[in-house]
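Please view the sequence and the structure below before reading on.

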Amino acid sequence: MTGNRTAPEDRTAPHAASAAGPATAPATGPAGEAPEPAVPDGGPARPRRRTRSVARWVSALLVLAVSAAATAYAVTVPERTELPGLETPHDGRWAYPALKLPALPSGSPAPHAEDNPAGRHHADLRDLLVPLPRKAVEDDTVPVRDGWVETEDYAALWTGGKEVRVRLVEEGLRHIAARAWSMPDGTRVQVFLLQFPTGPTATVYQQDLAPTVPAAAGGVVEDAYTVDEERRPEGVYILSRSEEGAKKGGPSLRYAYISSGDTLGVVMFTTEEGEVPDTAYRQTVALQAGMLG
C-alpha cells in the first residue's frame with residue numbers, strides 16, 4: 001500500500017520542477033544576455049530574441065544607406081580638389097566637360113582621311129566648338145545667333161575689318177560658328193570656326209591673315225610660339241600670338257590659329273587687367289584642336 005501512495009507523487013514531480021524552473025533559473029542567459037521573461041501557461045511564446053536581431057539588422061542597413069547617400073552627395077557636388085583624399089594644388093586648368101566628337105553622316109570620311117583630299121569637315125561645325133567650362137557665363141556682347149556669327153561681325157574684331165570681310169568673301173567663306181564666354185576672374189574667351197571650300201583655301205587665308213592684328217590689341221602683336229612640337233592631333237597645326245599689355249598696365253591679348261582641313265579655328269583670350277592665364281589658354285587651344293582633329 002505504501003508503494004501505491006508514493007507513485008502519484010513520483011509522476012507529478014517533473015511537472016512541479018518545470019513550474020519552479022523560472023524561479024531557480026540563472027540571472028543571465030548564454031553570453032550574458034538577460035533571461036527570457038516567463039510565459040503564462042497556455043500563452044504563445046514571443047520571439048523576443050528574433051525581434052531584437054531583426055531590429056539590429058534594420059538599424060545597420062539604415063546607417064549604411066545614409067552613409068552611402070552622404071558619400072554620393074559628397075562626390076558629385078564639390079569640386080575634385082575639395083574632395084577628401086583628392087586635394088591637389090590648383091594648376092590653373094579650367095573644368096571642361098568630357099569632349100565628345102559628333103557622329104559623321106553615313107558614308108562621310110573624317111577630315112584627314114585619305115579619301116577626303118579637300119579636308120572637309122562633314123559634321124555640323126557648331127558641334128565642333130569646344131564646350132563651355134564650369135563657371136563660364138556666355139558673353140552676349142558677341143553677336144552669336146544659334147551658334148553662328150555673321151561675316152561682318154567677325155571681320156569687325158580685326159583691324160582693317162572691311163578688308164578682312166572682302167578677303168573672306170573672295171576666298172569663298174561658307175560660314176562661321178562661334179562661342180564666347182567670360183570667367184569669374186574677368187578673362188573673356190571667343191572661339192570661331194571659319195569653314196572654307198577646301199583645306200588649301202583655308203591655309204592660304206590663314207597665312208595671309210597672320211599679320212592682321214585684332215582690334216583688341218593695344219600695340220604690336222608678336223609671335224608667341226608655334227605649337228607644332230606639342231601634343232596635337234595629326235593634320236592639325238597651331239600658331240599662337242600674344243600682346244601682353246599687362247606689362248604696360250593695359251589689357252592683355254593672346255590668340256591662336258588652328259588649321260585643320262577646310263576649317264580655320266581662332267581662339268582669342270583677353271583680360272582688362274593682368275596677364276592672360278597661360279595654363280587655361282593652352283588648355284583651351286589644345287582642346288579646340290582636339291575637336292577639329
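Which residues are exposed on the other side of α4?

## Basis of the report

The model is predicted: local features need pLDDT of at least 70, side-chain atom pairs count only at pLDDT 80 or more, and totals for chains, interfaces and linings use all residues. Residues are numbered from 1 along each chain as its sequence is written, and side-chain values use heavy atoms, with hydrogens and water left out.

## Helix α4

Helices are DSSP runs of H or I with at least four residues, strands are E runs of at least two, and both are numbered from the N terminus. Buried means under 20% relative accessible area, exposed over 50%, and partly exposed in between (1.4 Å probe, protein chains only).

Helix α4 spans residues 161-170, and G161, V164 and L168 are buried there. Seen down the axis of α4, these buried residues fall within an arc of 60 degrees, so they line one face of the helix; the arc is that of the directions from the helix axis to the C-beta atoms. On the other side of α4, K162, E163, V169 and E170 are exposed. Just after α4, G172 has a positive phi of about 75 degrees.

## Strand β7

All nine residues of strand β7 (residues 263-271) are buried, so the strand is largely enclosed by the rest of the structure. Two strands pair if DSSP finds at least two bridges between them. Strand β3 (residues 188-195) is joined to β7 by eight bridges, in antiparallel fashion, and V189 stands opposite F269. Nine bridges join β7 to the antiparallel strand β6 (residues 252-260), where Y255 stands opposite M268.
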